[in-house]
Amino acid sequence: MATFSSIPLTFTVRRCKPEFVAPARPTPCEQKLLSDIDDQASLRFQVPFVHFYGHQPSMEGKHPAEVIKTALAQTLVLYYPFAGRLREGANGKLIVDCNGEGVLFIKADADVTLQQFGDALQPPFPCFDELLFDVPGSKGMLNCPLLLIQVTRLKCGGFIFAIRLNHTMCDAAGLKQFVSSVAAMARGEATHLILPVWERHLLDAGDPPRVTCTHHEYDEVGASLPLDKLVQRSFFFGPAQVSLLRRLLPHHLRHCTKFELLTAFLWRCRSLAINLDPQEEVRMLCAVNVRSKMEPPLPQGYYGNAFVFPAAKTTVRNLGENPLGYAVGLVKQAKASSTEEYVKSVAALMVIRGKRLHFPNVIGSFYLSDLTKAGLEDVDFGWGKAVFAGTANAVGVMRIFCTGQEQERRSRNIGSNLFASSSHGKVCPGIGQHVETTATRG
């Protein structure tokens with residue numbers, strides 16, 4: 001039985017036996033190297049995404065799982081590395097063994113309607129283990145399926161598409177490209193595909209590798225984060241709240257992006273809420289897409305990880321005693337540092353320092369990844385666009401989501417991974433109150 005959030009909603013999911021879906025036609029048997037950006041310890045984890053879809057009368061009588069499974073097999077002919085398995089080569093280098101074994105797929109039905117989930121679909125989804133069954137033995141990095149998909153038909157005729165991917169294979173933009181191809185196949189519109197491009201060597205370190213930039217994102221700062229004490233909450237920021245926050249900025253910063261504004265605001269809120277020593281150093285790490293920052297830009301169709309996590313750092317006192325514009329300026333500087341040289345320097349750092357480097361889970365670090373422009377909600381398998389699409393929960397970082405229900409107003413829904421240790425039991429309520437009070441003031 002599943003329970004959704006704080007709503008007393010229970011439902012039963014009937015799952016078919018998990019099966020492997022292989023490419024519909026023979027594909028090359030070869031080995032492909034991941035890039036030095038893909039191949040870092042910080043990306044060696046599984047990340048889950050979920051899409052909610054409503055009823056579509058024109059698709060009456062069709063089980064979405066069957067439609068998507070057929071389209072998936074066709075798409076894997078083009079994206080055949082996803083049907084392979086990761087192996088580890090010399091010096092821990094990750095290699096995709098393109099053996100065509102396939103991805104894991106689950107067909108399911110649930111005795112619940114989309115409407116019963118409520119109007120405000122937002123992460124975290126406590127019922128997610130029912131919507132994406134964790135097949136025993138499938139979660140490892142090596143010698144395991146690279147994708148796990150469950151399609152759950154709802155009683156109303158809608159469905160939930162859930163997918164878990166090995167993050168070393170691709171980022172959100174790459175996932176959107178792949179899933180959009182599956183959707184185009186499902187709609188019978190294969191001519192609209194963006195052809196995949198592997199070319200992972202484009203984000204490899206130079207020869208010889210040279211670290212030419214400072215990378216504070218890999219510094220150890222503060223005490224380790226108590227992972228068993230993590231609490232997840234969602235905070236919604238609409239146009240009115242964003243406008244109020246902009247008015248707190250000096251005129252020369254009021255044209256900053258929503259991402260820069262909300263990142264700075266939440267970094268400041270969190271740093272003040274967790275009661276660190278005023279002299280404690282804190283950092284903000286934000287994911288920056290570097291596809292257009294390379295010269296020439298990465299080719300259309302590149303679906304590997306193409307982002308870096310530049311860091312801004314300061315002290316708790318500086319964040320608290322300075323106005324919001326101070327934090328916005330630090331965020332803008334961090335983003336601006338993400339040049340082609342910076343990307344190559346990160347890749348070189350991975351090669352020189354081996355696979356031990358990772359973004360440390362420490363109390364003084366605030367991670368954020370923006371998914372609002374990924375366009376996941378636009379994926380249409382034939383049932384129309386998603387009502388909600390994004391990550392099912394925050395996995396080690398804080399993520400920004402764009403809700404399908406609010407697209408017309410261009411609003412942003414933020415799912416945040418905030419934590420409360422035993423000594424900071426009121427951290428999350430404190431942040432929530434601070435956010436609501438500040439964002440609605442006036």
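Pro209 touches Ala348, Val351 and Ile352, not counting residues up to four places away in sequence; contact here means heavy atoms within 4.5 Å. The model is predicted, so local features need pLDDT of at least 70 and side-chain atom pairs count only at pLDDT 80 or more, whereas totals for chains, interfaces and linings use all residues. Residues are numbered from 1 along each chain as its sequence is written, and side-chain values use heavy atoms, with hydrogens and water left out.

Pro209 is found in the loop between helix H3 (172-186) and strand E12 (230-237). Helices (H or I, at least four residues) and strands (E, at least two) are DSSP runs, numbered from the N terminus. With a relative accessible area of 28%, Pro209 is partly exposed; this class lies between buried (under 20% relative accessible area) and exposed (over 50%), for a 1.4 Å probe and protein chains only. Pro209 and Leu349 are 140 residues apart in sequence, yet their C-alpha atoms are 7.8 Å apart in space.

The chain has 9 helices and 20 strands. Of its 442 residues, 57% count as buried. Its accessible surface comes to about 18400 Å², of which carbon and sulfur atoms account for 51%; areas come from the Shrake-Rupley method with a 1.4 Å probe, and for residues only the protein chains shown count as cover. Among contacts between residues at least 6 apart in sequence, 80% join residues at least 24 apart.

The axes of helix H4 (residues 239-246) and helix H5 (residues 258-273) come within 11 Å and cross at roughly 75°. H4 is therefore roughly perpendicular to H5, a term that covers angles of 65 to 115 degrees. Axes are lines fitted to C-alpha atoms, for helices over the stretch in contact, and angles run from 0 to 180 degrees between N-to-C directions. In this contact, Val242, Leu245 and Arg246 of H4 meet Lys258, Leu261, Leu262 and Phe265 of H5. These residues divide into 5 nonpolar, no polar and 2 charged, where Ala, Val, Leu, Ile, Met, Phe, Trp, Tyr, Cys and Pro count as nonpolar, Asp, Glu, Lys and Arg as charged, and the others, Gly among them, as polar.

An open sheet is formed by 3 strands in the order E5-E8-E7, with antiparallel pairing; two strands pair if DSSP finds at least two bridges between them. Strand E5 (30-33) and strand E7 (85-88) are the edge strands, each pairing on one side only. The twist averages 35° from one strand to the next. E5 pairs with strand E8 (residues 94-98) in the antiparallel sense over 4 bridges, and Leu33 stands opposite Ile95 in E8.

Technical notes. Angles under 35 degrees count as roughly parallel, over 145 as roughly antiparallel, 65 to 115 as roughly perpendicular and the rest as oblique.
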